[in-house]
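Please keep the sequence and the structure in view while reading.

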Amino acid sequence: MNEADSGTIAPAVLRGPNDYKSDIKPVWCPGCGDFGVVNALAKAMAKMTLEPKDVAVVSGIGCSSRIPAYMASYGFHGIHGRALAAGTGLKVARPDLTVIVTGGDGDGYSIGGNHFLHACRRNVDMTYIVMDNRVYGMTKGQPSPTTEPDWDSKLSPDGTGLREFQPLVIALTSGANFIARGFTGDPNGLAELIEQAVRHPGFSFIEVLSPCVTFRPEQKEWKKLVKPDAFKPTPDMPRAARRMLRDTGFDLGVLYAGERPAFAPRGPRALRAPAELEARFTL
Amino acid sequence: MKKQRLPRTVAEFMAYAWALEVEAADRYAELAELMATHHNREVSELFAKLARIEGKHRDQIAAQMGWTSPPDAAVFRWETPEGPETTDYGELHYLMQPWHALKLAEHNERRAVEFFERFAAARVPAGVRAAALEMAADEREHVRLIEEWLSRVPPPESGWDEDPDPPAVAD
Amino acid sequence: MTAGNMLLEAAAHAGYYALMTRSSGPQIRGGEAAAMLRIACEPVECMEDRFDVLAAVDWENVHRFNAEIPLGASSLILADPDQGEPPDIFVTSGATRAALPLKKLAKSVPEGRANMVLLGALAALLGLPDEAVARAVEKTLGKRPAALAPSLAAVAAGRAAAAAIETRFPLAEPPPTRRARWLLTGNEAAGYGAITGGVRFVAAYPITPATELLEWMAPALAQVGGTLLQAEDELASVNMAIGGSYGGVPSLTATSGPGLSLMVEALGLAVTAEIPIVVVDVMRVGPSTGIPTKSEQGDLNIAVHGLHGDAPHLVLACNSVADCLGTTQWAVQLAEALQSPAIVLSDQFLGQARAVVDRPPDIAGDGGRTTAAAGTPGYQRYAITANGVSPMAIPGTPGLAYTADGLEHAERGTPSSQAADHFAQLDKRRRKLEAHDFGARWADIEGDAASDRAIITFGSCTGPVREGLARAAAYGVAARLVSLRLLAPLPVTQLIAALEGVTRVLVIEQNHSAQLYKYLRAECDLPGRVTSVHRPGALQFSPGEIHRHLVEWSRT
């Protein structure tokens, strides 16, 4: 419940958002949308009063994958495209941790595409935040799977001509349990989405529109194009699918909040000592 | 997006005002570091100065209210994406000039004026209205100061954002 | 196959040691299949030069197995005359032939099957006691009790029919006092070794011939409180295991050559970020898809050198079915202690052979991973320490949060492009391995310690080399035998010490390009004249083959 609604002034909490940021200063370009995500993540963690020691931020390679070092939580900066696999292993081995996987559209939808599909299916309880700037920023401006087909670049002059990857649709059909779209120009709104995503059981996916000031300066216009609260959250997958038929690509909010139970490893109730396994071999 | 709750007491209202300054100050401080990382010393120093100024406003409010432990700024929810005086991350450029920074500050202060005037015009108790009007007047003064500062700063020349060096790759 | 298994079990119950391997055609079901067994009073680690008995239910596509079933003049071919003549390749061996009308005998028993008749006949020829055979049949058919009586009847029919066969191969009496024995495959042994070593998280992607290792571990892990997760591919499985290990849980995956090729990028991450992980590579014939069902020692190169950059890590090799347990357990211990990936080289022969072995000795546990204590002031994840191992902060520990990184980094872990940091970290990561005291497990040193000749080998070559050397010794050919378990970091000092006084070295391995020979020569100054005996898969060395090579070598 929002403190302001209650009419009382709450005392300052022990940890403010700044306590969730590390002392390492981001090297992103001034104007980069990813600053908003650090802000939003920190706000969300503070709001949920998570202990930084119990949170792990896992990423791959790319500008947005630099995020783990900027947070005060544990971080894992892995290899290109494999963040979801690393995050899955971490969460299944350590279910007590809050695992947040982050990365960009190249890392997540191109080389990471296969893992994206299966992470949605597997529905392990973690949150995946993709900062989508529709370009490969780190390697200086190649098209990504979400780049518009006619965007001119050195690697694909006159555009790729390829249909854009549809992350929300793929997530929905693959089984993600919570799907939302956010915008870095609204860090407070994004903080709320992140909080909802983390609290929601199973695999939560937030596609975050995050303008790239250096390679896609035209994306500065996004703040005029985004439609806040354009989605009405539903637990009904067919309804969410029909809603996506009208998606503008700039519709924000929670598209789908499903009710699939989160992944839980199956195993016997009674545990045995390892030495008891020997009986299988003993003559 | 949540609709902003109208404050019912002066204390509640001043908590909004305080939160506004906290966010503004923190953002200017963050931007000061960001511009320093990108070797834009002039703008970095300017943002640092603005951070100190907003910090003073924040502390003034706390002192005025006699708060020993101020309210938590994080729980306030603005109608706009961020607080009225908070600089938008998207409005920056690594080669920006002091003039650009001051224009952003001016924009911030004007929005703050509008923010408080909206409270003053809304259905709020008389005490809150009075406090809102006072804050609006303060912010108008800040606008004037920024404008005066701007008049001493040269506008950017054309080609200010041209950089013959291509972007570098780090990963 | 079932009959082969039951014969193996019968031998086991009768107190013998045994080894069974299998070969089959590419059909998923109903294809041609051969089970090869060796039964003895002491443990056996390879097949003999020849088989004593070739018992055939039919001759369909048997040419596939020609090379794997060598016969000799003293061998016996036992076959159903209704299936036609045995192929020439077997007849020309000079083996005796005996007819056993399997199908007719099977029909004479209600619901009788030809393979049960064959089992009975073989049991008679070998002198296996009825009780042991019955026990084996019961155990195999346990889930289908209705089949038990007919099966035992068919076995009895086979025994009776075999009474007419003159050529017999009676087994010697098994040792009177039985040592504790196990019946298992190398894959199962490795799985159990992983668990005793502390593994509690496995990420799995199936691949021949490693799949059974993962399948054995799935329920076993759950029973000890661990988890096995099936991944979508090898890129996922290795990264999942690294993620689990980053979380503080000893983690493992298993694969074969093609999977290892996919995993090497992630192993480089584990090296740079100093995260323990064990990858068991059950080697098969390569390159590329190769021959998935056959054994070869062709992955030494990729295991040692497959990571880009300078990325020292652990590579170990199991040298027998039983050793798959101890070496995998040791690999887990080392990976954890040294915060490094460890590749364990097993192979299809060891992994899938079913063997009766002496119960492997227990290995002492060790301190495990060096972790950082909460509240360590000024904690630096990659601090340069005396032994090169930096205490690792485990997520959940307050005050120590850091970001593990594949980027080169300073001691704190922050990415660094400085040459000095790169050098310091490279040096640390190499030093932590090379400075470690690996103790006596680095190799099995056997043979004649006084000899000035030495054989170096690894993996499943060890079995035939041991046996071939023993035979050659009877002919006056003496040599030391070094079966390497630790391949990387290569224990050069210990190896040179073990070769003190040696003037002739012979490196024996099962691959086409002499990978071990070249690796050893590159890494250390081996004494005297060094030569190589190497042959690729898909056939194992036989002891006789080794014997011939050793005799030839002894003349140089």
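In chain C, the strands β7(C) and β8(C) run parallel and are joined by four bridges; helices (H or I, at least four residues) and strands (E, at least two) are DSSP runs, numbered from the N terminus, and two strands pair if DSSP finds at least two bridges between them. Within this pair, C:Val202 stands opposite C:Leu228 of β8(C). The model is a predicted one, in which local features need pLDDT of at least 70 and side-chain atom pairs count only at pLDDT 80 or more, while totals for chains, interfaces and linings use all residues. Residues are numbered from 1 along each chain as its sequence is written, and chains are lettered from A and ligands numbered from 1 in the order in which they are written.

**The two sheets of chain C**

Both β7(C) and β8(C) belong to an open sheet of seven strands, which has mixed pairing and the order β8-β7-β9-β10-β12-β11-β18 in chain C. At the edges stand β8 and β18 (486–488) of chain C, each with a single partner strand, so one side of each is left without a neighbour in the sheet. On average, neighbouring strands of this sheet are turned by 25° against each other, direction ignored; axes are lines fitted to C-alpha atoms, for helices over the stretch in contact, and angles run from 0 to 180 degrees between N-to-C directions.

Helices also lie against these strands. α7(C) lies across β9 (251–255), β10 (277–283) and β12 (341–347) of chain C, and runs at about 175° to β10(C). α9(C) packs on the sheet as well, where it touches β7, β8, β9 and β10 of chain C, and its direction makes about 160° with that of β9(C). Two residues are in contact if their C-beta atoms, placed from the backbone, lie within 7 Å.

Another open sheet of chain C is formed by five strands in the order β15-β17-β16-β19-β20, again with mixed pairing. Its edge strands, β15 (443–447) and β20 (529–534) of chain C, each pair on one side only, and the twist from one strand to the next averages 20°.

| Strand pair | Bridges | Residues opposite each other |
|---|---|---|
| β7(C) and β8(C) | four | C:Val202 and C:Leu228 |

Chain C is divided into domain 1 (2–162), domain 2 (183–358), domain 3 (370–436) and domain 4 (440–554), with bounds that come from an automatic or database domain assignment. The C-alpha centres of domain 1 and domain 2 of chain C lie 34 Å apart, and 10 residues of domain 1 are in contact with nine residues of domain 2. On the side of domain 1 that touches domain 2, the elements that give two or more residues are α1 and β1 (17–24) of chain C, and β1(C) gives the most, with five residues.

The helix α1(C) (residues 2–13) also meets α5(C) (residues 130–141), for their axes come within 8 Å and cross at roughly 130°. The two helices are therefore oblique to each other, given that angles under 35 degrees count as roughly parallel, over 145 as roughly antiparallel, 65 to 115 as roughly perpendicular and the rest as oblique.

**How the chains meet**

Two pairs of chains touch, and the most contacts among them are between chains A and C. Chains B and C do not touch, and their nearest C-alpha atoms are 8 Å apart. Chain B has four helices and zero strands, and its C-alpha atoms fill a box of roughly 60 × 40 × 30 Å, taken along the principal axes.

Between chains C and A, 48 residues of chain C are in contact with 40 residues of chain A. On the side of chain C that touches chain A, the largest share, nine residues, comes from α9(C). The residues of this side divide into 28 nonpolar, 15 polar and five charged, where Ala, Val, Leu, Ile, Met, Phe, Trp, Tyr, Cys and Pro count as nonpolar, Asp, Glu, Lys and Arg as charged, and the others, Gly among them, as polar. Strands pair across the two chains too: β2 (residues 74–77) of chain A and β14(C) pair in the parallel sense over three bridges, and the bridge partner of A:His77 in β14(C) is C:Asp405.
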